Amino acid sequence: MVRFARIALLAVSVLVAIARASYAQTPTKYPVTDGDYVAHNFKFKSGEQLPELRLHYKTLGKLARDAQGRPTNAVLILHGTGGSGQQFLSPQFADELYGPGQLLDINRYFLVLPDGIGHGKSSKPSDGMHAHFPAYDYDDMVAAQHLLVTEGLGVQHLRLIIGTSMGCMHSFVWGETYPDFMDAMMPLACLPVQIAGRNRLWRKMSMDAIRQDPAWNGGEYEKEPEQGLRTAEDLLIIAGSAPLVMQKNLPTRESADHYAEKLSAAMDANDWLYQLNSSRNYDPSPQLENITAPVMWINSADDFINPPELGIAEKESKRLKNGTFVLIPISDQTRGHGTHTWAIVWQAYLKELLDKSAH
């Protein structure tokens, strides 16, 4: 089922802000517990192996179990490319969902915010292995998340998975790989098909810009390859922004130029290369029928990365056994790909999903 929702958004959000937030400590009013789970002798699909794979995570709330000891209230929230679990403590997300009486009230739910492999405080190339870090992909990232949840936190079942951008894609992998593991899924801002066309192009151009910068030095740089990173960041801003809001906030040539001039790349080159490259073989489309959990899938019409004119979402959503696809149309307040982090936009659909999947 396809719905067109006329919903207003409140503020600008672009991918570059999410990438920078990966390492920032956003102040929060919520009680957060930080932890690290170490997966020993983790084997990647490439055949490579790490003796110790560190997976950092944050939790909010307390885990509840039923009379049989089965977890009843665990919610896994998955971040996008370049981000981390930290981003879900931002006001536009947390303040709409985590408070008393809200949809993910932390007095009622146990929220798990992991940092994916190669992101945040989890094991990543910049820790020291540089370009010798294992070439992880989305299947590896989901397998590691599953280990964290089951072995690290003792959770054998999830009430809900929410995923934004890359996390949206991860949620489709979760749904196919572990179809009975969750009561419901809410993928936000992605497509469940191979990354191709313009989406692949901007990623490939970003990776090439870094690799072709002489300062990259095969990943063994003493100083960040600034020119390559700057080009990658420029592409990221174009991919993550929306034309109407950018025109509104940068209404003159001078304001646009000033915005561009004050940008500075804040990413590690190897980390960013690996983060982008991890999507190289993503393609859940052959197994979409294996997803049995209720799905509330939401994209926005001004999403450069997942443009609606492709017609992919409408086609693929029909293959979901218990799925609803929502397309948010363009307005003077929509925010492109970054819509996924502004919970005020889609929280009504989250309520519908929680009600529908309640036991």
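This is a predicted model: local features need pLDDT of at least 70, side-chain atom pairs count only at pLDDT 80 or more; totals for chains, interfaces and linings use all residues.

Residues are numbered from 1 along each chain as its sequence is written, and side-chain values use heavy atoms, with hydrogens and water left out.

The protein chain has 11 helices and 9 strands; these are DSSP runs, helices being H or I of at least four residues and strands E of at least two, numbered from the N terminus. Along its principal axes, the C-alpha trace spans about 60 × 50 × 45 Å. Of the 359 residues, 57% are buried, meaning under 20% relative accessible area with a 1.4 Å probe, protein chains only.

Now to the helix pair. Helix H3, residues 138-152, packs against helix H4, residues 166-177, at an angle of about 75°, and their axes lie 10 Å apart. The axes are lines fitted to C-alpha atoms over the stretch in contact, and angles run from 0 to 180 degrees between N-to-C directions. H3 is therefore roughly perpendicular to H4, a term for angles of 65 to 115 degrees.

Which residues make the contact? H3 contributes Tyr138, Asp139, Met141, Val142, Gln145 and His146, while H4 contributes Met166, Met169, His170, Val173 and Trp174; contact means heavy atoms within 4.5 Å.

Methods: Angles under 35 degrees count as roughly parallel, over 145 as roughly antiparallel, 65 to 115 as roughly perpendicular and the rest as oblique. Buried means under 20% relative accessible area, exposed over 50%, partly exposed in between (1.4 Å probe, protein chains only).
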